[in-house]
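Some questions on how the terms for this model are applied. Each answer sets a value against its definition.

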Amino acid sequence: MTTLSDLQTFREALAVLQRQVDELDDLKSQHYQEIVEHEEEVWDSVQGKVCVVVRSTLDVFDRLTSKA
């Protein structure tokens with residue numbers, strides 16, 4: 001009878017452990033998703049600033065060539 005009880009206790013502990021692993025996987029997934037979203041925000045900001053620089057540079061060249 002002890003072995004059945006031990007087996008049941010082992011199965012319950014295994015179920016708890018599996019649930020904890022699943023929760024950890026969920027947390028890891030959420031963390032990586034947050035990282036991706038943050039990187040997208042950063043690169044959108046960088047792209048916007050690069051566009052302003054390129055546009056300004058072209059404006060300067062246009063003004064220089066129109067004066068020449």
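Q: What percentage of the 68 residues in the protein chain is buried?
A: Buried residues make up 0% of them. Buried means under 20% relative accessible area, exposed over 50%, and partly exposed in between, with a 1.4 Å probe and protein chains only. The model is predicted: local features need pLDDT of at least 70, side-chain atom pairs count only at pLDDT 80 or more, and totals for chains, interfaces and linings use all residues. Residues are numbered from 1 along each chain as its sequence is written, and side-chain values use heavy atoms, without hydrogens and water.

Q: Why is Glu-41 called exposed?
A: Its relative accessible area is 56%, so Glu-41 is exposed. This residue is found in helix 1.

Q: How many helices and strands does the protein chain have?
A: There are one helix and zero strands. Helices (H or I, at least four residues) and strands (E, at least two) are DSSP runs, numbered from the N terminus. Helix 1 covers residues 2–67 and includes Phe-61.

Q: How does the radius of gyration of the protein chain stand against that of a compact globule of 68 residues?
A: The protein chain has 29 Å, whereas such a globule would have a value near 11 Å. The radius is taken over C-alpha atoms, and the globule rule is 2.2 Å times the number of residues to the power 0.38. Along its principal axes, the C-alpha trace spans about 100 × 10 × 5 Å.
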